[in-house]
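Hi everyone, thanks for coming.

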Amino acid sequence: MTYVLITAAGIALCSLVGAVIGFLFENIPPAVEDALSGAAAGIMLCAAILGLVVPSMEFSAERALWLTPLGIFCGAFFLSGINLLGPRLTGSIGMKNGDEAANRHALLFVAAIAIHHFPEGIAAGVSFGTGDLSDAVTVTSGIAFQNIPEAMIIIPPLLKAGTGKKRAAIVAFISGAVEVAGVFFGYLAITVSRGILPFALAFAAGTMLYVIVDDMVPQTHARGSGRLSTYAMLLGFCLMLFLVAN
């Protein structure tokens with residue numbers, strides 16, 4: 001449980017660091033923003049494969065050929081459904097610039113970040129159920145590192161939409177707190193029943209892979225910085241490989 005508490009604190013700290021950077025650099029160049037998101041996607045991809053998919057197949061044994069893919073697809077379907085419900089679940093967060101289109105874009109962007117934080121937190125909590133600390137470190141490090149650019153890029157849209165700095169900070173805090181809650185939820189679920197561990201690991205991997213492919217990669221390629229973002233993603237992937245190897 002001590003490692004889970006440390007993980008939750010580390011994830012929250014990375015979110016805080018990212019939010020502070022967002023306030024310091026309100027007008028981040030799009031190319032830099034896309035490169036940071038690309039690197040975060042690469043880190044998450046490596047963490048999902050090495051820390052979740054591989055252990056899921058190992059624990060599944062002879063069931064690996066169907067149980068792990070099933071878990072991955074269930075995780076992706078779950079997050080897809082959450083994203084569809086997201087706009088209906090969001091409320092006003094104090095946007096006052098009068099541009100309804102810009103306000104809606106900022107609101108949905110913030111909602112998307114917050115919504116996918118919960119299953120990411122679950123992935124971190126579930127990873128501790130393997131009993132292999134290196135797997136847990138791989139996954140939680142990937143999630144924590146990508147929280148920095150995510151928390152950073154969540155601030156400028158809020159400020160541009162007229163949200164005050166205080167309220168923007170509160171929104172960023174809530175977004176990070178959702179992920180911390182997911183950490184404890186995932187850990188407690190595995191503690192109750194280790195029999196679901198292979199499926200849970202694959203499910204968590206599915207949520208992370210969905211976020212990368214459906215959300216992070218398209219955003220990094222939408223403004224003309226696709227090539228830079230691709231190499232940044234490869235750099236992030238190799239960085240995580242280096243951390244795992246050491």
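A quick definition to begin: buried means under 20% relative accessible area, exposed means over 50%, and partly exposed is in between, with a 1.4 Å probe and protein chains only. Please keep in mind that this is a predicted model, where local features need pLDDT of at least 70, side-chain atom pairs count only at pLDDT 80 or more, and totals for chains, interfaces and linings use all residues. Residues are numbered from 1 along each chain as its sequence is written, and side-chain values use heavy atoms, leaving out hydrogens and water.

Cysteines, then. With a disulfide taken as two cysteine sulfur atoms within 2.5 Å, the count is zero. Cys-46 is buried, at 0% relative accessible area. Its closest cysteine sulfur, in Cys-238, is 8.3 Å away, too far for a bond. Cys-74 is partly exposed at 28%.

Now the rings. Rings of Phe, Tyr and Trp (its six-membered ring) pair if their centres lie within 6.5 Å; planes under 30 degrees apart are stacked, over 60 edge-to-face, and the rest tilted. How many aromatic pairs does a search of the whole structure find? Three. One of them is Phe-73 with Phe-77, tilted, at 6.0 Å centre to centre and 45° between the planes. These two sit four residues apart in helix H3 (residues 64-89), so about one helical turn separates them; helices here are DSSP runs of H or I, at least four residues, numbered from the N terminus. Phe-73 is exposed at 52% relative accessibility, and Phe-77 is exposed at 60%.

Phe-78 and Phe-203 also form a tilted pair, 5.6 Å between centres and 50° between planes. That pair links distant parts of the chain, helix H3 and helix H7 (residues 197-220), 125 residues apart. Ring pairs join Phe-78, Phe-199 and Phe-203 into a cluster.
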